[in-house]
Amino acid sequence: MGAEKKTPTATTGACLDRLYEVIESRRGADPGSSHTAKLFRKGTAKIAQKVGEEAVETVIEAMRGEKDLLIGESADLLYHLLVLWADQDVKPAEVWQRLLEREGISGIAEKAARERN
Ligand SMILES: N=c1c2ncn([C@@H]3O[C@H](COP(=O)(O)OP(=O)(O)OP(=O)(O)O)[C@@H](O)[C@H]3O)c2ncn1[C@@H]1O[C@H](COP(=O)(O)O)[C@@H](O)[C@H]1O
């Protein structure tokens, strides 16, 4: 998208930025004491599988109308997504940047522009 570049602010996803730092710090840690280290050890396919499972569980709780469980599953999903980013060397700031570039651009207008090209 051709919007101007915006610099993510200190508060952009601050909680997720902190969680990502903790996740990064677990590289090479003891899998016996760190769930993140255990996931890194198992590799990309397992991490990706966990993201898929947590996404499905999130959807299930939404469909059941279980708000508190939906919040918990959403937190699980975000944690596993961040582990996948770390595994793939994707920095949170790169995703925040993409979101900022999309600010103010309607999804409807963006899709229509894509379909014209
Ligand atoms: N946010 C989380 C978080 N969310 C979920 N989980 C763990 O993810 C696991 C998901 O449950 P599952 O039964 O699906 O996991 P599993 O038994 O390994 O799954 P399978 O291999 O059987 O599929 C649970 O063990 C949860 O405790 C998390 N583990 C860690 N964090 C954060 O990561 C930080 C570092 O954690 P460690 O790496 O464990 O030190 C923590 O301080 C937290 O902030």
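**Close-up views of a predicted model**

View 1. The structure is a predicted model, in which local features need pLDDT of at least 70 and side-chain atom pairs count only at pLDDT 80 or more, while totals for chains, interfaces and linings use all residues. Residues are numbered from 1 along each chain as its sequence is written, and side-chain values use heavy atoms, with hydrogens and water left out. The ligand is surrounded by 14 residues, a residue being near a molecule if one of its heavy atoms lies within 4 Å of it. The closest are R26, S34, H35, T36 and K50. At least two residues of the shell come from each of α1 (14–25), α2 (35–42), α3 (44–64) and α4 (67–87); helices are DSSP runs (H or I, at least four residues), numbered from the N terminus. Sorted by class, the shell holds seven charged, four polar and three nonpolar residues. Here Asp, Glu, Lys and Arg count as charged, Ala, Val, Leu, Ile, Met, Phe, Trp, Tyr, Cys and Pro as nonpolar, and the others, Gly among them, as polar.

View 2. A polar side-chain atom of S34 lies 2.6 Å from a ligand oxygen atom, and a backbone N or O atom of H35 lies 2.7 Å from an oxygen atom of the ligand. In K46, a side-chain N or O atom is 3.2 Å from an oxygen atom of the ligand. On its own the ligand has 860 Å² of accessible area, of which the protein covers 54%; areas come from the Shrake-Rupley method with a 1.4 Å probe.

**View 3. An aromatic pair.** One aromatic pair is found in the whole structure, rings being paired if their centres lie within 6.5 Å. The ring centres of W85 and W96 are 5.8 Å apart and the planes stand at 70°, so the pair is edge-to-face (planes over 60 degrees apart). W85 in helix α4 and W96 in helix α5 are 11 residues apart. Buried means under 20% relative accessible area: W85 is buried at 13%, and W96 is buried at 9%.

**View 4. The loop residue D89.** D89 lies in the loop between α4 and α5 (92–102). Most residues other than glycine have a negative phi. D89, which is not a glycine, has a positive phi of about 60°. This residue, D89, is exposed (over 50% relative accessible area), at 52%.

Methods. Polar contact = N/O pair within 3.5 Å; in protein donor to acceptor, adjacent residues only side chain to side chain. Buried < 20%, exposed > 50% of the residue type's maximum accessible area, 1.4 Å probe, protein only. Phe/Tyr/Trp six-rings, centres within 6.5 Å; stacked < 30°, edge-to-face > 60°.
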